[in-house]
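Here are my notes on the model you sent. Please read them with the structure open.

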Amino acid sequence: MSDLGNAFTKIADSFAVMVGGYTVKEQKRYDQLLKIYDDEDFCKSVVRIESKIRRISWNEIRAFNAKLQEME
């Protein structure tokens, strides 16, 4: 059953990423961050950057860095 559960999780995660959503792990991380920081865009950026399955553009990285400097 464990293999079937893992396969289902991978399929669900792939579908979530395909439609612009979050994997289960990413959603948990997003919820954690949202409790700490009251900034949805910042939390989304952190989750996207930490994710190993997403491609991040230079524009997103620059915007994230600008946000960090603004928060200091």
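**Notes on salt bridges and a helix pair**

1. Glutamate 60 has a relative accessible area of 29% and is partly exposed (buried is under 20%, exposed is over 50%, and partly exposed lies in between, with a 1.4 Å probe and protein chains only). The model is predicted, so local features need pLDDT of at least 70 and side-chain atom pairs count only at pLDDT 80 or more, while totals for chains, interfaces and linings use all residues. Residues are numbered from 1 along each chain as its sequence is written, and side-chain values use heavy atoms, with hydrogens and water left out.

2. Glutamate 60 forms a salt bridge with arginine 48, at 2.8 Å from N to O (a salt bridge needs a side-chain nitrogen of Lys or Arg within 4 Å of a carboxyl oxygen of Asp or Glu). Glutamate 60 is in helix H4 and arginine 48 in helix H3, so the pair links distant parts of the chain, 12 residues apart (helices are DSSP runs of H or I with at least four residues, numbered from the N terminus). Arginine 48 is also partly exposed, at 24% relative accessible area.

3. How many salt bridges are there by this rule? The count is 4. Side chains of opposite charge can pair when their charged atoms come close.

4. Another salt bridge joins lysine 67 and aspartate 39, at 2.7 Å from N to O. Lysine 67 is in helix H4 (residues 58-71) and aspartate 39 is in the loop between H2 and H3, so this pair ties together parts that are 28 residues apart in sequence. Lysine 67 has 24% relative accessibility and counts as partly exposed.

5. Lysine 67 also forms a salt bridge with glutamate 70, where the closest N and O atoms are 3.7 Å apart. Both residues lie in helix H4, 3 residues apart, which is about one turn of the helix. Glutamate 70 is exposed, at 61% relative accessibility.

6. Turning to the helix pair, the axes of H2 (residues 24-36) and H3 (residues 40-50) come within 9 Å and cross at roughly 140° (axes are lines fitted to C-alpha atoms over the stretch in contact, and angles run from 0 to 180 degrees between N-to-C directions). H2 is therefore oblique to H3 (under 35 degrees is roughly parallel, over 145 roughly antiparallel, 65 to 115 roughly perpendicular, and the rest oblique).

Definitions and conventions
Helix = DSSP H or I, 4+ residues; strand = E, 2+ residues; numbered from the N terminus.
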